[in-house]
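Visitor: I would like to go through this model and ask what stands behind the words used for it. Please show it first.

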Amino acid sequence: MKKHLTIRVVLISIALIFIAFIAIQVFDAGHWAKADSPKLERLFEDMGVLELPQTTDPVEIRLQDINGNLVSLSDFRGRIVFLNFWTTWCPTCRVEMPSMEKLHQKFKDQDFAMVTVNIQESAAQVEKFYKNFKLTFTALLDTTGEVAIGFRIRSIPTTFIVDKSGRIIGTIMGPREWDAKKAVALFEHLINKYEATSTQITTQ
């Protein structure tokens, strides 16, 4: 009897320790996210980023790149994704592309991916543009325009910031100087310190 009682006490103790550990982890994550929020809001404001409430599900895109390879946005899960919609004939897209390449070069070896979605142009047009501007980041082809419609693109360029769990957390309309100090500070923060709150993370 005493043996069974002792085993039961041990099991209850282990269970209580486990519950306490989980509670501490959840509290720490929530506390950290709240403490971090003002800094992220300031960084977003500095770059004119519209902060968006995180969706319940990660966003997904499946398109061919300029080499004919099928690429999914989920291929970049675990990285901050710079997702840019554009065309070769858009003057302001042409203005921001060189600074995008500099941002890409700075963070390409970290948890960061730059992905552009060209709207309704051919692979040959995009490839020529990339060669002329010496661009090396991923270019996807939305040949039908359906993806742009799904993302409710109203003007170009439009950029979305996608967190490491695949959720959109911010959007930017119009061009930016992506190699400016405030842009670098934003992505350094997102790559190294930003975490979604525990209620916004789901296991895939």
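Guide: A residue counts as exposed when its relative accessible area is over 50%, and as buried when that area is under 20%. By that cut-off, Ala124, Lys128, Lys131 and Asn132 of helix H3 are exposed. The model is a predicted one.

Visitor: Which residues of H3 are buried?

Guide: In H3, which spans residues 123–133, they are Val126, Phe129 and Tyr130.

Visitor: What do the buried residues of H3 pack against?

Guide: Their partners are strand E4 (80–86), helix H2 (91–107), strand E5 (112–119) and strand E6 (138–142).

Visitor: Why are strands E1 and E3 said to stand at the edges of the sheet?

Guide: The sheet is open and has eight strands, in the order E1-E8-E7-E4-E5-E6-E2-E3, with mixed pairing. E1 (50–51) and E3 (70–72) each have a single partner strand, so one side of each has no neighbour in the sheet.

Visitor: How do you know that E4 and E5 count as paired?

Guide: Pairing requires at least two bridges between two strands. E4 and E5 are joined by seven bridges and run parallel, so they count as paired under the requirement of at least two. Phe82 stands opposite Met114 in E5. H3 packs on this sheet, where it touches E4, E5 and E6, and its direction makes about 155° with that of E6.

Visitor: Where does helix H5 lie?

Guide: H5, residues 181–192, lies across E4, E5, strand E7 (158–162) and strand E8 (168–173), and runs at about 135° to E4.

Visitor: What describes the crossing of H2 and H5?

Guide: Two packed helices are described by the angle between their axes and the distance between the axes. For H2 and H5, the axes come within 11 Å and cross at roughly 35°. The crossing is right-handed. Leu103, Lys106 and Phe107 of H2 meet Val184, Phe187, Glu188 and Ile191 of H5 in the contact. By class, this contact has five nonpolar, no polar and two charged residues.

Visitor: Why is Thr116 called buried?

Guide: Its relative accessibility is 0%, and the cut-off for buried is under 20%, so Thr116 counts as buried. Thr116 is in strand E5. Leaving aside residues up to four places away in sequence, its contacts include Asn84, Trp86, Met97, Tyr130 and Leu140. Thr116 and Trp86 are 30 residues apart in sequence, yet their C-alpha atoms are 7.2 Å apart.

Visitor: Why is Arg152 called exposed?

Guide: The relative accessible area of Arg152 is 65%, and exposed means over 50%, so Arg152 is exposed. Arg152 lies in the loop between H4 and E7. Its phi is near 55°, a positive value in a residue other than glycine.

Visitor: What is omega for the peptide bond from Ile156 to Pro157?

Guide: Omega is near 0°, and the bond is cis. Pro157 is found in the loop between helix H4 (146–150) and E7.

How values were computed: Residues are numbered from 1 along each chain as its sequence is written. This is a predicted model: local features need pLDDT of at least 70, side-chain atom pairs count only at pLDDT 80 or more; totals for chains, interfaces and linings use all residues. Side-chain values use heavy atoms; hydrogens and water are left out. Buried means under 20% relative accessible area, exposed over 50%, partly exposed in between (1.4 Å probe, protein chains only). Helices (H or I, at least four residues) and strands (E, at least two) are DSSP runs, numbered from the N terminus. Contact means heavy atoms within 4.5 Å. Axes are lines fitted to C-alpha atoms, for helices over the stretch in contact, and angles run from 0 to 180 degrees between N-to-C directions. A crossing is left-handed if the near helix is turned anticlockwise from the far one by less than a right angle, and right-handed if clockwise. Ala, Val, Leu, Ile, Met, Phe, Trp, Tyr, Cys and Pro count as nonpolar, Asp, Glu, Lys and Arg as charged, and the others, Gly among them, as polar.
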